[in-house]
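Please look over the sequence and the model together before reading on.

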Amino acid sequence: MPEQITITRPDDWHLHLRDGAALAAVLPHSARQFARAIVMPNLRPPVASVEQALAYRRRIVDALPAGASFEPLMTLYLTDTTPPAEMKRARDAGVLAIKLYPAGATTNSDAGVTDLKRVAGVLEAAEREGIALLVHGEVTDLDVDVFDREAVFIDRHLVGLRRSFPGLKIVLEHVTTREGAQYVAEAGEKTAATITAHHLLYNRNALFQGGIRPHWYCLPILKRELHRLALMKAATSASGRFFLGTDSAPHAASLKENACGCAGCYTAFHALELYAEAFDGAGALDRLEAFASIDGAAFYGLPRNAGTVTLEKRPWTVPESLAFGDGELKPLGGGQTLSWAIAAATVEEEGSRP
Ligand code: NCD
Ligand code: ZN
């Protein structure tokens with residue numbers, strides 16, 4: 001009998017699902033692994049209004065495979081012109097959060113915020129209505145080194161935001177540095193962070209292993225080993241404020257294997273197995289359930305999922321390529337062997353929740 005671990009069905013608190021044929025290609029992967037996911041709004045055009053978020057939610061639900069049980073949790077793309085009144089509409093519609101992309105920071109962020117002063121009114125309304133602020137925490141100044149952009153963002157912007165809106169829930173998305181982990185650990189109960197599997201498994205050497213490796217290129221970029229170790233420590237700590245967010249970001253292989261390749265790693269296909277690999281490597285598999293299935297729901301004030309997922313220690317090889325509309329999608333680490341596999345999953349029975 002292989003070694004096994006059974007955890008409460010997990011959630012992905014940071015996911016890119018895209019739209020159309022891409023959505024149809026990737027959604028089954030997330031629905032197989034996760035009960036819920038916070039869906040990022042960086043489509044073209046961005047999902048900036050409650051009306052757009054509800055329409056996008058409907059397209060996601062319509063694209064689910066028959067019998068799947070998966071709940072998309074919606075976010076709004078914060079722009080310089082988001083009306084503060086949209087926050088009350090968001091709350092009434094069950095939209096969970098707004099996403100702050102500094103303009104130019106990452107994929108489809110050109111409609112993002114150019115100056116935080118411009119969105120002070122919206123943030124005040126979000127704080128009042130209980131809408132969380134999800135932050136892509138990187139400055140975009142070309143004179144700041146790409147490896148320092150997160151730490152500089154924290155100093156220049158996050159510390160001030162935290163002070164100005166003490167009641168606002170803030171999530172530093174895909175934290176990648178020791179400085180970021182330390183800031184979140186000390187910032188109090190309304191501040192949390194998501195951590196990707198790739199930032200737990202790899203340091204920046206992975207980008208240059210024997211040649212340039214575009215599938216390891218994402219934003220924020222992979223960092224030094226000391227940062228990976230700090231993230232691993234945060235993810236396995238008992239603080240309750242570091243939780244799972246894959247930042248799985250599908251791009252057609254042709255757009256990544258390109259002279260100007262897109263940022264984003266595709267990990268939704270094998271997310272839980274990647275996290276299990278990282279936690280096992282750190283001798284902390286007993287911390288996986290809190291990170292993947294408990295702490296995020298508690299932070300957002302949502303119920304814990306009822307089903308379970310069982311992982312077993314059984315080597316399997318990640319496929320090199322997956323179908324992606326007219327193109328192909330290359331999962332991170334395709335062709336490599338992972339040591340944990342999903343063995344079984346249960347979903348709560350209809351009506352079994354009291
Ligand atoms: C994301 C994408 O492709 O949408 N890319 C990435 O490298 N993570 C955007 C983001 O979350 O920064
Ligand atoms: Zn993302």
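What follows is a walk through parts of a predicted model, beginning with a strand.

Strand S5, which covers residues 97-100, pairs with S6 in the parallel sense, and the pairing runs over four bridges. Within this pairing, lysine 99 has leucine 134 of S6 as its bridge partner. In a regular strand the side chains alternate between the two faces of the sheet. In S6, Ala132 and Leu134 point one way while Leu133 and Val135 point the other way, and all of them are buried.

The loops on either side of S6 can be taken in turn. Glycine 130 belongs to the loop between helix H4 (120-129) and S6, and this glycine 130 counts as exposed because its relative accessibility is 59%, where the cut-off for exposed is over 50%. Aspartate 148, by contrast, sits in the loop between strand S6 (132-135) and helix H5 (149-164); its relative accessibility is 39%, so aspartate 148 counts as partly exposed. On the surface, Asp148 gathers with Asp145, Asp155 and Glu179 in a patch of negative charge.

Another loop, between helix H9 (253-256) and helix H10 (271-281), holds histidine 270. Histidine 270 counts as buried because its relative accessibility is 0%, the cut-off for buried being under 20%. The C-alpha atom of histidine 270 is separated by 9.1 Å from that of isoleucine 342, although the two residues are 72 residues apart along the chain.

Methods:
Residues numbered from 1 in each chain as written. Chains lettered and ligands numbered in written order. Predicted model: local features only at pLDDT ≥ 70, side-chain atom pairs only at ≥ 80, totals over all residues. Heavy atoms only, no water. Patch = residues over 30% accessible without salt bridge, like charges linked within 9 Å, V, L, I, M, F, W, Y side chains within 5 Å. Areas by Shrake-Rupley, 256 points an atom, 1.4 Å probe, with all protein chains shown as cover. Salt bridge = Lys/Arg side-chain N within 4 Å of Asp/Glu carboxyl O. Lys, Arg positive; Asp, Glu negative; His and termini not counted. Charge placed at Lys NZ, Arg CZ, Asp CG, Glu CD. Helix = DSSP H or I, 4+ residues; strand = E, 2+ residues; numbered from the N terminus. Buried < 20%, exposed > 50% of the residue type's maximum accessible area, 1.4 Å probe, protein only. Pairing = 2+ DSSP bridges.
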